[in-house]
Amino acid sequence: IMALDTYANLKTEIANYLNRTDLTSYLDTFIDLAEARHARDLRVREMESVDTSITTVAGTQSYDLPTGYLEMRYATWQSNPYTFLAYMSPSDFFRVYNAGVGSGSPGYYTIVGSKIYLGKQPDAANVLELGFFKRPTALSSSNTTNDILTYFPDLYLYASLAESEPFLMNDERLPVWAGLYKEGVNSANNSASQGRTSGAPLNMSARMVV
C-alpha cells in the first residue's frame, strides 16, 4: 500500500483496491463524488476559514457569501462597538427586516441561497468578518493535495470506493466501504469538536457587543 498523499497516489490506490486496470477514465468521477460527500458530511477544523473581504455599504442589506461557503461558524460586524451577529431563520428575519426595514448597526443575519442578509441594514462601511466551514479545493493534476487528503486520507479512499461500486454493479461491497466511510466521518467530526474546547468547560453568554 502506497502513501495516500497525492492525487496521483490516491487514484492508483483506488484502482488497486478495486483490482481493476481499466477504470482510469472514471477515477476522477469517483473522487469528485467523494468530495461532494465530504462537503455534505465533514465539519473539521481543517475546513474552517475566516473571510474579511466584505465591506458593508450603507443601505445595502445583502452580500455574496465567500467562495466555497458551506456553513457559518460566526458573523461579526467590525463596528465600534464590535458586534457579534445572531442568526435568525429567513421567515423570522424577513418578518422583522423585510425590504431593509430600519438602518443602523446590524444585530442579526440570515442566509438565503448564496447571500447573507443583515438586519438592520448597515448605516456605515465596516468590515463583515465571517468564520465558516469552507469546501476544500478539489484535487486535480494542478492541485495534487489538500488538508483533507493530508489528515483524512481514509475518507477520500473509502468515499471513492463507495462511489465506484454502483457503477461497477458490485453492490455487495457498497455497505463495506460506506460503513468504513461513515465511521471515519463520525470519528473525524467528534475529534474536531473535542479539539475546539481542549477539555475546557464551555461558557455560555447572551449575544453582546464589545
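Student: Does Trp177 count as buried or exposed, and what is its relative accessibility?

Tutor: Burial is read from relative accessible area, with under 20% taken as buried. In this predicted model, Trp177 has 8% relative accessibility and therefore counts as buried.

Student: How many aromatic pairs does the structure hold?

Tutor: There are 11 aromatic pairs. A pair is classified by the angle between the ring planes, and over 60 degrees counts as edge-to-face. The rings of Tyr17 and Trp177 have planes at 65° and centres 5.8 Å apart, so this pair is edge-to-face. Because Tyr17 belongs to helix 1 and Trp177 to helix 6, the pair ties together parts that are 160 residues apart in sequence. Tyr17 is partly exposed, at 32% relative accessible area.

Student: At what angle do the ring planes of Tyr69 and Phe132 lie?

Tutor: Their planes are at 35°, with centres 5.8 Å apart, so the pair is tilted. Tyr69 lies in strand 3 and Phe132 in strand 10, so parts 63 residues apart in sequence are tied together. Phe132, at 2% relative accessibility, counts as buried. Phe132 is also included in a second, separate core of 14 residues, along with Leu65, Ile111 and Leu128.

Student: Which residues have the most contacts inside the largest nonpolar core?

Tutor: That core has 31 residues, and those with the most contacts inside it are Leu10, Ile14, Leu42, Val44, Ile148, Leu155 and Tyr156. Helix 5 gives the largest share, eight residues.

Student: Which ring does the charged end of Arg43 sit over?

Tutor: The charged end of Arg43 sits over the ring of Phe133, 5.8 Å from its centre. Arg37 lies over the face of Tyr181, at 5.4 Å from the ring centre.

Terms used:
Residues are numbered from 1 along each chain as its sequence is written. This is a predicted model: local features need pLDDT of at least 70, side-chain atom pairs count only at pLDDT 80 or more; totals for chains, interfaces and linings use all residues. Side-chain values use heavy atoms; hydrogens and water are left out. A nonpolar core is a set of buried Ala, Val, Leu, Ile, Met, Phe, Trp, Tyr and Cys residues joined through side-chain atoms within 4.5 Å. Buried means under 20% relative accessible area, exposed over 50%, partly exposed in between (1.4 Å probe, protein chains only). Helices (H or I, at least four residues) and strands (E, at least two) are DSSP runs, numbered from the N terminus. Rings of Phe, Tyr and Trp (its six-membered ring) pair if their centres lie within 6.5 Å; planes under 30 degrees apart count as stacked, over 60 as edge-to-face and the rest as tilted. A charge sits over a ring if NZ of Lys or CZ of Arg is within 6 Å of the ring centre and within 35 degrees of the ring normal.
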